[in-house]
Amino acid sequence: MTDTEHRAGFVAVIGRPNTGKSTLVNALVGEKISIVTSKPQTTRHSILGILTEPDVQIVFVDTPGLHAGSARLINRTMNRSAAASMVGADLALFVVEASGWTRGDEHALQRLREADIPAYLVVNKLDLLKRRADLLPVLENYAGRGSFVEVIPVSARRGTNLERLLDVIRQSMPAGPQLFPPDARTDRSMEFRIAEILREKLLQLLHQEVPYGLAVEILALERAPDIIRVDAVIWVDRESHQGIVVGQGGERIKAVGTRARADLEEIFAERFFLTTRVNVKENWSDNARALRQLGFEESG
Ligand SMILES: Nc1nc2c(ncn2[C@@H]2O[C@H](COP(=O)(O)OP(=O)(O)OP(=O)(O)O)[C@@H](O)[C@H]2O)c(=O)[nH]1
Ligand SMILES: [Mg+2]
């Protein structure tokens with residue numbers, strides 16, 4: 001293979017929930033592709049983030065955090081989606097946190113072993129280590145836990161060491177033509193991304209058990225010359241959550257709309273007009289038909 005040969009490939013970004021996978025994909029691609037919150041199980045679908053450079057195209061697959069416990073159908077669907085993303089991937093980034101190796105990491109690592117693809121161990125949230133001297137023992141301890149090509153410490157949030165990570169990924173991509181058009185950033189529709197941004201704001205503004213019972217569906221998207229009109233439904237899985245999401249005098253739902261609109265206008269460089277309402281769909285997260293309607297793949 002000569003240096004001038006074009007390379008392209010898929011990189012599955014996997015790990016337990018909340019390690020910073022989506023933050024990392026957004027930082028590597030240079031655009032907000034995937035939503036980020038402080039709550040585990042934020043990402044529910046596999047989402048492509050595409051980085052196109054003159055000589056290489058890297059297709060990152062952000063995935064739902066792998067987790068044990070498959071009480072509800074949505075959890076089984078999320079885990080299956082993450083595992084499926086490793087099939088056919090050229091490379092995996094196994095993302096853990098610098099602050100400690102957990103049982104959740106061990107569980108996720110087992111799924112990686114089953115996939116049998118080359119993996120880099122990405123030790124994220126480096127910025128949270130109090131002393132630099134703490135890093136080396138952490139890296140040594142982690143390296144022996146699996147068979148990784150290399151261990152790379154980063155801070156996805158601060159952008160630390162991401163160039164180094166990108167360099168090794170570039171080198172690992174197989175020779176081949178572009179897999180997506182050069183201007184593509186993701187495989188997801190505008191509707192999907194709008195629903196996700198709304199869900200991000202809801203997750204950020206809600207606490208305890210409510211967030212896990214939320215889903216957002218876009219009923220209509222109309223492109224007028226100077227504005228995009230969006231009609232969205234927020235589904236909750238029990239009656240008592242409806243009022244919590246709406247908030248007193250509609251305050252919370254209004255804040256969600258305002259924050260979502262600000263993000264959308266930045267991402268898409270268009271003006272948005274959002275209409276949202278909150279409806280109840282009892283127990284949707286354990287219902288195959290409801291999951292299919294909400295765009296969950298392979299939820300049989
Ligand atoms: N301090 C610090 N926080 C980070 C870093 N990267 C991500 N975070 C935070 O970690 C939390 C989880 O980030 P996400 O990117 O949503 O994590 P995820 O792995 O995609 O989570 P799931 O989608 O739930 O699996 C958020 O509060 C992020 O801001 C980092 O490098 N440093
Ligand atoms: Mg995520």
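**Strand pairing and domain arrangement in the predicted model**

Trp 235 stands opposite Asn 279 of strand S9. The structure is a predicted model, in which local features require pLDDT of at least 70 and side-chain atom pairs count only at pLDDT 80 or more, whereas totals for chains, interfaces and linings use all residues. Residues are numbered from 1 along each chain as its sequence is written, while chains are lettered from A and ligands numbered from 1 in the order in which they are written.

Strand S8 (residues 228–236) pairs with S9 in the parallel sense over nine bridges; strands are DSSP runs of E with at least two residues, helices are runs of H or I with at least four, and both are numbered from the N terminus. Pairing requires that DSSP finds at least two bridges between two strands. Contact denotes C-beta atoms, placed from the backbone, that lie within 7 Å; axes are lines fitted to C-alpha atoms, for helices over the stretch in contact, and angles run from 0 to 180 degrees between N-to-C directions.

Elsewhere in the chain, strand S5 (residues 119–124) has five of its six residues buried, so it is largely enclosed by the rest of the structure; a buried residue has 20 or more other C-beta atoms within 10 Å of its own, with C-beta atoms placed from the backbone. Strand S4 (residues 91–97) pairs with S5 in the parallel sense over six bridges, and Leu 93 has Tyr 120 of S5 as its bridge partner. Parallel pairing also joins S5 to strand S6 (residues 150–153), over four bridges, with Pro 153 of S6 as the bridge partner of Val 123. From S5 the chain crosses through helix H4 (residues 135–143) to S6 in a right-handed β-α-β crossover, that is, the path from the first strand over the helix to the second runs clockwise with the strands pointing away from the viewer.

The chain is divided into domain 1 (7–172) and domain 2 (190–293), with bounds from an automatic or database domain assignment. Their centres, taken over C-alpha atoms, are separated by 27 Å. Domain 1 contributes ten residues to the contact and domain 2 contributes 14 residues.

Conventions:
A residue is buried if 20 or more other C-beta atoms lie within 10 Å of its own, exposed if 12 or fewer, and partly exposed in between; C-beta atoms are placed from the backbone. Two residues are in contact if their C-beta atoms, placed from the backbone, lie within 7 Å.
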